[in-house]
Amino acid sequence: MTRKIEARSQGALQSRSFFQEAWIRFRRHPLARLGGGVLLVLYLGALFADFLAPYPETKSFRELTFSPPTVVHWRDENGRLTRPYVCTVERKRNLETFKLEFVQDCTQKYTIYFFVQGEPYRFLGFIPANLRLMGGEWLQNEQAHLFLWGTDDFGRDLWGRIWYGARVSLTIGIFATALALLIGVFMGSLSGFFAGKPLTLSIGLLNPAYREFVSRNPLPSLLKTLLWLALWGGLAWLVWVMLSGFWATTRGFEAVVFGIVGVGILLAIAYAILFPLIKIDLDTLIMRTTEILAAIPDLFLLITLSVLIPQGIPPAMRFYLVVCILSFVNWGGLARVMRGQILQLREMEYAQAAQAMGASDSRVIALHILPGTFTFLIVSVTLAIPGFILAESGLSFIGLGIQEPASSWGLLLSKAQAQGITAFVDRPWLLIPGLFIFIAILSFNFMGDGLRDALDPRAKR
């Protein structure tokens, strides 16, 4: 009987797929479960930010700038539990210390109700709604205010703006990682698969090899010829535009020197179109590009690229530009790792068999080689997202990322930096966005460690 039970258990273990085993190992990792749960709460809060926030994102109360968190009362004058309520708050200047103070007046109480109608908004950007987590008619009529985590320098509710900012800080990491992953996987796959296999960049129209090329494949050769001519013609056009602009603004010896250099480049392009057979090693080109990007300090490159963003563009467009900048700066490391994996996987028997059966290079890469990198990519994504969140927070912190009136955690944290030591002593609620950054980064790292252990094929069951 015992042997039958052991045989059944062994059969059940053998029938599990790799990802089923990985899920079981992941659930045994308590910190990974904790990190995943915290991230789920944060992303749900970002999704339902309009519901959680009592006020719209840009609504401000200039007479209540840097207001401390509103005191929510749970007991009446006799000490008995009652519905939560708030009192009116008035800002006054202390005539002895000359400091601004916020004084409560509880002569009238304002009860907090949950799941109430508030100011209208559009859920997911297009669904009309007005349901808010907490509030009341007194909130809409501005008889009293509800600032759970105080206000910023414009008198805006920090509780709501933190959840609005989570939409940018949390989603920018995913979008930037997805774009960097796309670029890194594409470049790394090309670099690894075609390493040691130089590709023909162009063949001169008067080169003897061009006639042989055309005779083998007439139609594809015509299309490739048009592509080569378009590339060389575009390069020649750029050089001519630069020459024209320089000659229009410069005179004397500099114009002569630049003209000689420009004409030399144009003659070189004409020679490349007509005569030589030009081949290029994609592996060398891509890897040297990643080395150039790696040689430039990330912060310096981010600042340089961010300065090029116009100041007057809408917040949504700035968001997409910041995503593109972060992705452009950080795809090199992923491409190098992917190259190493592709170099190994392309020599496997199944990849060699697919090539021997006549499969195209793109089919071999997409269907036979890339699936072998999925476990690495899953772990890489979870560990790359925190880096992008920190990068965006840093850019917004120094004023080069997301700009007002939009919000992000880095931008909100810059309010505390602008106040100096006062933020630590008199306005500590301005540091709350930094706590959210810390929690999100730590949760992603916990979950990434759990996924790395769970997806390790050498791990014991």
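These questions and answers concern a predicted model.

User: Is F66 buried or exposed?
Analyst: F66 lies in the loop between α4 (49-52) and β1 (73-75), and has a positive phi of about 55° although it is not a glycine. Its relative accessible area is 13%. A residue under 20% counts as buried, so F66 is buried.

User: Is F115 buried or exposed?
Analyst: F115 lies in strand β4 (residues 113-123), and its phi, near 55°, is positive in a residue other than glycine. The relative accessible area of F115 is 57%. The cut-off for exposed is over 50%, so F115 is exposed.

User: Which helix gives the most to the nonpolar patch?
Analyst: The patch lies on the surface, has about 940 Å² of accessible area together, and includes L205, L222, Y271 and F275. Two helices, α8 (218-249) and α9 (253-274), each supply at least two of its residues. With five residues, the one that gives the most is α8.

User: How does L274 count by relative accessibility: buried, partly exposed or exposed?
Analyst: L274 is in helix α9 and is one of the residues of the nonpolar patch. Its relative accessibility is 33%. Buried means under 20% and exposed over 50%, so L274 counts as partly exposed.

User: What volume does the second largest pocket have?
Analyst: The pocket is lined by 11 residues, and K99, L100, F102, D426 and R427 lie nearest its centre. By class, the lining has five nonpolar, two polar and four charged residues. The volume of the second largest pocket is about 270 Å³.

Note on methods: Residues numbered from 1 in each chain as written. Predicted model: local features only at pLDDT ≥ 70, side-chain atom pairs only at ≥ 80, totals over all residues. Heavy atoms only, no water. 1 Å grid on protein atoms, 1.4 Å probe; cavity = no way out; pocket = protein on both sides within 12 Å on 5 of 7 lines; lining within 4 Å. Points joined across faces, edges and corners; volume = space filled by probe spheres on them. Nonpolar A, V, L, I, M, F, W, Y, C, P; charged D, E, K, R; others polar. Helix = DSSP H or I, 4+ residues; strand = E, 2+ residues; numbered from the N terminus. Buried < 20%, exposed > 50% of the residue type's maximum accessible area, 1.4 Å probe, protein only. Patch = residues over 30% accessible without salt bridge, like charges linked within 9 Å, V, L, I, M, F, W, Y side chains within 5 Å. Areas by Shrake-Rupley, 256 points an atom, 1.4 Å probe, with all protein chains shown as cover. Salt bridge = Lys/Arg side-chain N within 4 Å of Asp/Glu carboxyl O.
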